[in-house]
Amino acid sequence: MENCSYHRLQEHLGLSQKNERTTGLRPVKNWNNSTHVMVDMFVFGVIDLNEKSSTFTSYVLISTGWVNDFIAWKPQDFCGISKMTVPRERLWIPDIGIQEDISDTGSIIFSPYVQVYSTAFAQVIDQRRLTTSCKMDLYKFPFDTQSCSITFKSMIHRASELKLGAFTSVPSMNLITRKTMTTLDEWDFLGIAMTEEKLYLSENNDWHLLIYKITLRRRPLLYIINLVVPVAFFLVLDLASYFISEAKGEKLGFKVTILLSISVLLLILNDILPSTANNLPVIALYCIIIFVLTGLSLLETMLVSFLIDLDSSANQEIQTSAKNCQDAPEDTCFRGEPEREAVSSLERVKDTLNNKDIDEYRLNNPQLLQLISEVQKVCQECFSVNMTSGKKTPGSWERMARCIDQVYFYLYLITAICFGIFISLLWLY
């Protein structure tokens, strides 16, 4: 009955108290032998995946098991005891760390005990709120899939001394993770993949690596509602604004409001996406191009408004000139100085012809008088042509503005449709 207690078994294994034999050295009987360490990782929840800081925060359970050549016993010698727990500080524990880990030590919950088995196998289970660096590909945001790697490696022991592996198979690990997953935030869990690699630094300086790759897919509904749909709706409103009249100036103010609204959404997007991305995300390209199209539409509206105002000014000037001509003599209704001088010259010719000192024969010559009259008529017609040749006819600026507006609208519509198809293909394929 005395041999059936855990204390007797601890004394037999030399684990009743802390000593250098069991804690200070790698537990192998031959130093040339490698220590096999099994590391299983189960993800219980995805807390956060921060795009701005490129960090992945999760709640994981890490099971570490290894072979200890000095803790084997025969269960029949100790009343069938095949396993027991001993305090953590009494056994050698492999120095397995996570290469991408940037979390603080306060987020780790260490188990105070180590489970030892009669087969010379020891196991320790830790829970931790793990924060790791994660290289993200945000090109298809928010329709993106992210893969974050968690690399286990020994800090001191080389690959010849310590070999890493997994005790649980990958399908079983994925099944357990899906059943125990408590929170996913905005992500869908796709699976865990495991690979073993070696890190070579020199001929006798290499480490054995065990890499778990967690694959997550984003749920895009929230971003579609808050970013994609509003920007597309602003583009549709900008197209529809071509049916607003230019008369009262409301069209220009409406387009400025749309441009400012898109600017606000771009500021929101800037707070989400990192500024160190190698490739410009599709959603950034989507917002920028729509912003440019809206800005060009605003410039076109300003040009059309300017042409319409120019036509109104021309009409007002013509009306003022016509009113002045009604009040003035018919022969002097000319705007330019050359026209007034030409009329004065004709008047002087007429006065000379009417002078009594002129020979009576020349004065009564009908051919001469007819020739002078025709010259005067031709000069008046030339003055009229010169007066109107440098100015547009009434309504010409407005017709030009309407033509520009109509052509730009069709080009804008075709560009918007082609751009929508192009962006959809980039996002979905």
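**From contacts to surface**

Analyst: Among contacts between residues at least 6 apart in sequence, 76% join residues at least 24 apart. Please keep in mind that this is a predicted model, in which the protein has 10 helices and 11 strands.

User: Why is L280 called partly exposed?

Analyst: The relative accessible area of L280 is 47%, and the name applies between the limit for buried, under 20%, and the limit for exposed, over 50%. Because 47% falls between these limits, L280 is partly exposed. L280 lies in the loop between α5 (250-272) and α6 (282-327).

User: How do you know that the buried residues of α3 line one face of the helix?

Analyst: The buried residues of helix α3 (residues 170-180) are M173, N174 and T177. Seen down the axis of α3, these residues fall within an arc of 100°, so they line one face of the helix. The face turned away from this buried side carries the exposed residues P171 and K179, while the buried residues pack against β1, β10 (187-202) and β11 (205-218).

User: What puts the buried residues of α1 on the same side?

Analyst: In helix α1 (residues 6-13), the buried residues are L9, Q10 and L13. They cover an arc of only 100° around the axis, which puts them on the same side of α1. They pack against α2 (20-23) and β3 (83-87), and α1 is followed by G14, whose phi is positive, near 75°.

User: Which residues touch the most other members of the largest nonpolar core?

Analyst: Of its 77 residues, M41, V116, F152, I214, I283 and Y286 touch the most other members, and strand β1 (residues 35-50) gives the most to this core, with 8 residues. Leaving aside neighbours within four places in sequence, M41 is in contact with several residues, including V60, F152, M173 and I214. As a general background, nonpolar side chains tend to be buried together in soluble globular proteins.

Methods: Residues are numbered from 1 along each chain as its sequence is written. This is a predicted model: local features need pLDDT of at least 70, side-chain atom pairs count only at pLDDT 80 or more; totals for chains, interfaces and linings use all residues. Side-chain values use heavy atoms; hydrogens and water are left out. Helices (H or I, at least four residues) and strands (E, at least two) are DSSP runs, numbered from the N terminus. Buried means under 20% relative accessible area, exposed over 50%, partly exposed in between (1.4 Å probe, protein chains only). The arc is that of the directions from the helix axis to the C-beta atoms. Contact means heavy atoms within 4.5 Å. A nonpolar core is a set of buried Ala, Val, Leu, Ile, Met, Phe, Trp, Tyr and Cys residues joined through side-chain atoms within 4.5 Å.
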